[in-house]
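Me: Could you walk me through this model, and tell me what stands behind each term you use?

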Amino acid sequence: MSGSAPSASAGGEPGQAFRFCPSCGAGGFDFLDGKRWLCKRCGFEYFHNVATAAGVILHCPEGIALLERARDPGKGKLGLPGGFVDPGERAEQAALRECREEIGWAPPKLDYIGSFPNAYRYGGLVYDTCDLYFYYRFPEGADLPVFTLLDSEALSIAFRPLEGIREGDLAFPSLARAIRITARLGRPGP
Ligand SMILES: [Zn+2]
């Protein structure tokens with residue numbers, strides 16, 4: 001995500017982020033059920049919906065390709081090529097687009113691992129996300145393409161064996177769950 005950070009929130013709770021109705025300007029813009037605002041005066045309703053994100057577990061001969069994050073959330077920790085799904089986009093397309101944007105290469109196909117919830121703190125506000133994880137394993141003996149870091153969100157690429165990734169090194173709990181399940185499944189090669 002990019003752009004200027006929201007500043008009105010205290011503690012990252014969405015309910016504290018907006019105090020006035022964006023439609024009529026009245027106060028009493030109440031945050032309800034942990035997911036929506038409702039204006040008492042004009043009835044305007046706004047949903048703080050779960051955002052969809054997609055990431056790719058790239059299983060290279062050297063190990064899983066992990067990106068050292070340059071920024072929060074998870075600054076200095078390891079993430080995957082991936083990001084938020086754009087409006088009108090399929091999650092698979094988003095996963096491939098983010099690969100191209102971040103490492104200059106995208107896999108020819110993807111297997112779906114599963115989806116896991118996450119809380120993404122950005123600009124002082126917490127966004128609940130549903131992170132979809134995909135997997136690609138390079139065929140035995142395949143030449144590894146040159147990965148080029150194109151995105152300022154990553155500092156470096158690290159390769160770690162699937163079974164040896166420390167969960168404390170990972171940026172997101174959803175990623176830790178996806179790695180754990182991938183290791184347990186013993187994903188076969190193509
Ligand atoms: Zn209103």
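Reply: The protein chain has two helices and ten strands, where helices (H or I, at least four residues) and strands (E, at least two) are DSSP runs numbered from the N terminus. Along the sequence they follow the pattern β-β-β-β-β-β-β-α-β-β-β-α. Please keep in mind that this is a predicted model, in which local features need pLDDT of at least 70, side-chain atom pairs count only at pLDDT 80 or more, and totals for chains, interfaces and linings use all residues. Residues are numbered from 1 along each chain as its sequence is written.

Me: What makes domain 1 and domain 2 separate entries, and how many Å separate their centres?

Reply: The bounds come from an automatic or database domain assignment, which gives domain 1 as 14-47 and domain 2 as 51-185. Their centres, taken over C-alpha atoms, are 34 Å apart. The C-alpha atoms of the whole protein chain fill a box of roughly 65 × 25 × 25 Å along the principal axes.

Me: Why do strand 1 and strand 3 stand at the edges of their sheet?

Reply: This is an open sheet of three strands in the order 1-2-3, with antiparallel pairing. Strand 1 (29-32) and strand 3 (45-47) each have a single partner strand, so one side of each is left without a neighbour in the sheet. Neighbouring strands here are turned by 20° against each other on average, direction ignored; the axes are lines fitted to C-alpha atoms, for helices over the stretch in contact, and angles run from 0 to 180 degrees between N-to-C directions.

Me: How do you know that strand 1 pairs with strand 2?

Reply: Two strands pair if DSSP finds at least two bridges between them. Four bridges join strand 1 to strand 2 (residues 36-39), and the two run antiparallel. Leu-32 stands opposite Arg-36 in strand 2.

Me: Why does Arg-69 count as partly exposed?

Reply: Arg-69 has 19 C-beta neighbours inside 10 Å, so it counts as partly exposed. Arg-69 is found in strand 5, and its bridge partner in strand 10 is Ala-154. Six bridges join strand 5 to strand 10 (residues 154-160), again antiparallel.

Me: What is Arg-69 in contact with, leaving aside its neighbours within four places in sequence?

Reply: Two residues are in contact if their C-beta atoms, placed from the backbone, lie within 7 Å. The contacts of Arg-69 beyond those neighbours include Gly-74, Glu-153, Ala-154 and Ala-171.

Me: Where is Pro-73, and what kind of peptide bond joins Asp-72 and Pro-73?

Reply: Pro-73 sits in the loop between strand 5 and strand 6. The bond joining Asp-72 and Pro-73 is cis, with omega about 0°. Strand 5 and strand 6 (residues 78-79) pair in the antiparallel sense over two bridges, and Leu-67 stands opposite Gly-79 in strand 6.

Note on methods
A residue is buried if 20 or more other C-beta atoms lie within 10 Å of its own, exposed if 12 or fewer, and partly exposed in between; C-beta atoms are placed from the backbone.
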